[in-house]
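Thanks for coming, everyone. I'll take a few minutes on one structure, so please look at the screen.

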Amino acid sequence: MALVAAPAQRRAPGDPALDDPGAEYGYRDEIAAVLLSEQDLRAKVRELAVAVAADHDVDTPPLLVCVLKGAVMFLTDFVRAMPIPTELEFMAVTSYGSATTSSGVVRILKDLDRDITGRRIIIVEDIIDSGLTLSWLLKNLASRNPAAIDVVALLRKPEAVKVDVDVRYVGFDLPNEFVVGYGLDYAERYRDLPYVGLLGEHMYR
Ligand SMILES: O=P(O)(O)OC[C@H]1O[C@H](OP(=O)(O)OP(=O)(O)O)[C@H](O)[C@@H]1O
Ligand code: HPA
Ligand SMILES: [Mg+2]
C-alpha cells in the first residue's frame, strides 16, 4: 500500500500565509497540517466496510471489538457503512497516556462484557504504531477461544512497527509522525477533530 505523503507545507504557530486547520475547532496554532480529510476518511471507511463484509456471512454476524478510546470514531462510521449485521463489544486499553511514544505496557481499563468463545471476532483499531497494543490484544483475545480473529485498522505506520502483527484490512499507511484527530489523541485532546492531522511539534517537544 502506498504511503500517504507527508505534507510539504506545515503551518508554524502564527503563520499568516497558511490556513490554520485547528482554528475552527478551538485548537488555534496547534495543528501543523491535515493529512487525511473528512472526505478521504469517509471514502476509505466505506471501502473497508464493504471489503470486510464481503468476507463474512450475513447469517453469522461478526462480533466487532472496538479498541477504546482511539477507535471510537472509526467504529461508529464503519458499522454504519457495513452492509451486513454486526454485534458490538468495547474494550478499553491504554499504553500511551500523555506521551507520543508507547510506554510498552498495555493496561486494560475496561474488559469485554461477554464470553467470546466460538465467535468470529473483528478487532477494530484506529492505528498500528509500534504494534505492541495489537500484538498484546491478539494474544489476550485468542486465549478466550474465539472461532477466528481478524483485524481492521484504519491507520498504520510501517516505519514504526516493532512487533509484526497479521492485519487483514488496513486503511492508510502513514509516515512516522505523531497524528491526532478522528479519535486519536495527545494527552486526551484532539479526538474531536473530524480529520487526521499532524500535531505541531511545538505542542509536545
Ligand atoms: O501500536 P501501538 O504503538 O501500540 O499504538 C497503537 C495504540 O495506541 C493508541 O492507544 P492509547 O494507548 O493512546 O489509548 P487511547 O486509544 O485511549 O488513546 C491507539 O489508539 C492504539 O490503540
Ligand atoms: O500517532 C499517534 N497519534 C495518537 N495516538 C497514537 N497512538 C499510537 N500512535 C499514535
Ligand atoms: Mg491515545
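A definition to start. A residue counts as buried if 20 or more other C-beta atoms lie within 10 Å of its own, and as exposed if 12 or fewer do. Keep in mind that this is a predicted model.

Now helix H1. H1 runs over residues 38-54, which is 17 residues. From first C-alpha to last, H1 reaches 24 Å, close to the 24 Å expected at 1.5 Å a residue.

Which residues of H1 are buried? They are Leu41, Val45, Leu48, Ala49 and Val52. These five cover an arc of only 100 degrees around the axis, which puts them on the same side of H1. In general, an α-helix has 3.6 residues a turn, so residues three or four places apart point the same way.

And the face turned away from the buried side? There H1 carries exposed residues: Gln39, Ala43, Ala51 and Ala54.

What covers the buried residues of H1? The cover includes helix H2 and the strands S1, S5, S6, S7 and S9.

On to the ligands. Ligand 1 has 19 residues around it. Gly70, Tyr96, Asp129, Ser130 and Thr133 come nearest. Strand S2, S5 and helix H3 each give two or more residues to this shell. The largest share, four residues, comes from S5. By type, the shell around ligand 1 holds seven nonpolar, seven polar and five charged residues.

Ligand 2 next. Its surroundings are Tyr96, Ile127, Asp129, Phe178, Val179, Val180, Leu184 and Asp185.

Definitions and conventions. Residues are numbered from 1 along each chain as its sequence is written. Chains are lettered from A and ligands numbered from 1 in the order in which they are written. This is a predicted model: local features need pLDDT of at least 70, side-chain atom pairs count only at pLDDT 80 or more; totals for chains, interfaces and linings use all residues. The expected span of a helix is 1.5 Å times one less than its number of residues. The arc is that of the directions from the helix axis to the C-beta atoms. Two residues are in contact if their C-beta atoms, placed from the backbone, lie within 7 Å. A residue is near a molecule or strand if its C-beta atom, placed from the backbone, lies within 6 Å of it. Ala, Val, Leu, Ile, Met, Phe, Trp, Tyr, Cys and Pro count as nonpolar, Asp, Glu, Lys and Arg as charged, and the others, Gly among them, as polar.
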